[in-house]
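Hi,

Here is the structure I said I would pass on.

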Amino acid sequence: MSTLSKGSRSIIKAVLSRPTMDGVGALVYRSIGDTELRNHDPFLLLDEFNVDKDGGFPDHPHRGFETVTYMREGQFQHEDFAGHKGTIGPGDLQWMTAGRGIVHTEMPVKTHAPAHGLQLWINLPKEHKMCEPQYQELLDGQVPRANPQDGVVIKVIAGESHGASSKVYTRTPTMYLDFKMAPHKTVEQAIPSSYNGFIYGLKGTIYVGEEGVAGKPHQTLVLSEDGTETIKISTKGEEAHFVVIAGQPLKEPVVQRGLFVMNSQAEIVEAMVDYQSGQHGFERAKGWHSTIA
Ligand code: FJE
Ligand code: FE
């Protein structure tokens, strides 16, 4: 690992995700959250999902973290136990703070399947784990763009980039940027030096840091934590599409049991009791079944 604070952050690990199955018939490339990429504080999981018309993620609970669903293709529907419903399509996103509890269903719209996108799980700091659930939904056109040079377009999903900033409220300070770069471009992106970060490739090959470490589709490049403020990313002969995700590490204990993520084993037991008995945020869970699953 570099100890220099000038230049670009470097890549300390490159991991290629293999497809696996989750939910019902859903194919996922798991980045963060897979065995080699556990505990990338504050991130719990990044899945690139491909779901056809017969698959999806039927009724399930969450507590203690946020899920950010970002669509690439197709249409995805969700419905929760409080009657909150919506559909997102290409480029749209749903930033869901589960807080004390959400029970919901996430399914492709059958007529617009398969659905393809990314779902990121961000841990919540201790003081926000039991907050009221909240949704922040943004259509593609509502996401600000930075255009630092010809052939480089950066969608600012969270945080800021080259003068454009997102209005998404992040309880865990988070930067989430979607880059599209033409061939033979180089861009520098400022990332707060205290953040943990990674890059996930969607299309084309990129070259990162002073060393030009290659990053390809389905590959996660973990950024060094060396106090450096920027990351340098280049394309060569082909265009590229990738996301840069970084966040302030919480440095708190993480105890995860499936879809509950708390700070202690006792809080996990509480979550399971609350879910089963319908209390402390799970009141509406009793007897609820989605109409779309
Ligand atoms: C999960 C059951 C689930 N990756 N990517 C078990 F339903 C889920 C889950 C998801 C998920 C949902 C979407 Cl929309 C996209 C996902 C997992 O909801 F994680 C487990 N373990
Ligand atoms: Fe979910």
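**What I found**

His-218 sits in the loop that links β20 (213-215) to β21 (219-223); helices (H or I, at least four residues) and strands (E, at least two) are DSSP runs, numbered from the N terminus. It is not a glycine, yet its phi is positive, about 70 degrees. His-218 counts as partly exposed because its relative accessible area is 22% (buried means under 20%, exposed over 50%, partly exposed in between, with a 1.4 Å probe and protein chains only).

Lys-251 is another non-glycine residue with a positive phi, of about 55 degrees. You'll find Lys-251 in the loop between β23 and β24 (255-257), and at 70% relative accessible area it is exposed.

Before going further, the ground rules. This is a predicted model, so local features need pLDDT of at least 70 and side-chain atom pairs count only at pLDDT 80 or more, while totals for chains, interfaces and linings use all residues. Residues are numbered from 1 along each chain as its sequence is written, chains are lettered from A and ligands numbered from 1 in the order in which they are written, and side-chain values use heavy atoms, with hydrogens and water left out.

Two prolines are worth a click as well. The Asp-41 to Pro-42 peptide bond is cis, with omega near 10 degrees, and Pro-42 is in the loop between β3 (24-30) and β4. Ala-113 and Pro-114 are also joined by a cis peptide bond, with omega about -5 degrees; Pro-114 is in the loop between β9 (102-108) and β10. As background, most residues other than glycine have a negative phi, and most peptide bonds are trans.

On to β10 itself. Which of its residues are buried? In this strand (residues 115-123), nine of nine are. Ala-115, Gly-117, Gln-119, Trp-121 and Asn-123 point one way, while His-116, Leu-118, Leu-120 and Ile-122 point the other way. Strand β4 (residues 43-62) pairs with β10 in the antiparallel sense over eight bridges (two strands pair if DSSP finds at least two bridges between them). Strand β5 (residues 65-73) also runs antiparallel to β10, joined by eight bridges. Leu-120 of β10 stands opposite Leu-46, and Leu-120 is also the bridge partner of Val-68.

Then there is Lys-236, in the loop between β22 (230-235) and β23 (240-247). Its relative accessibility is 47%, so it counts as partly exposed. Beyond its neighbours within four places in sequence, Lys-236 is in contact with Pro-183, His-184 and Tyr-207 (contact means heavy atoms within 4.5 Å). Lys-236 and Ala-266 are 30 residues apart along the chain, and their C-alpha atoms are separated by 51 Å.

Finally, the overall picture. The protein has one helix and 25 strands. Its radius of gyration is 19 Å, which agrees with the value near 19 Å for a compact globule of 293 residues (taken over C-alpha atoms; the rule is 2.2 Å times the number of residues to the power 0.38). The C-alpha atoms fill a box of roughly 55 × 45 × 35 Å along the principal axes. Buried residues make up 54% of the 293. Of the contacts with a separation of 6 or more, 72% are between residues 24 or more positions apart.

Cheers
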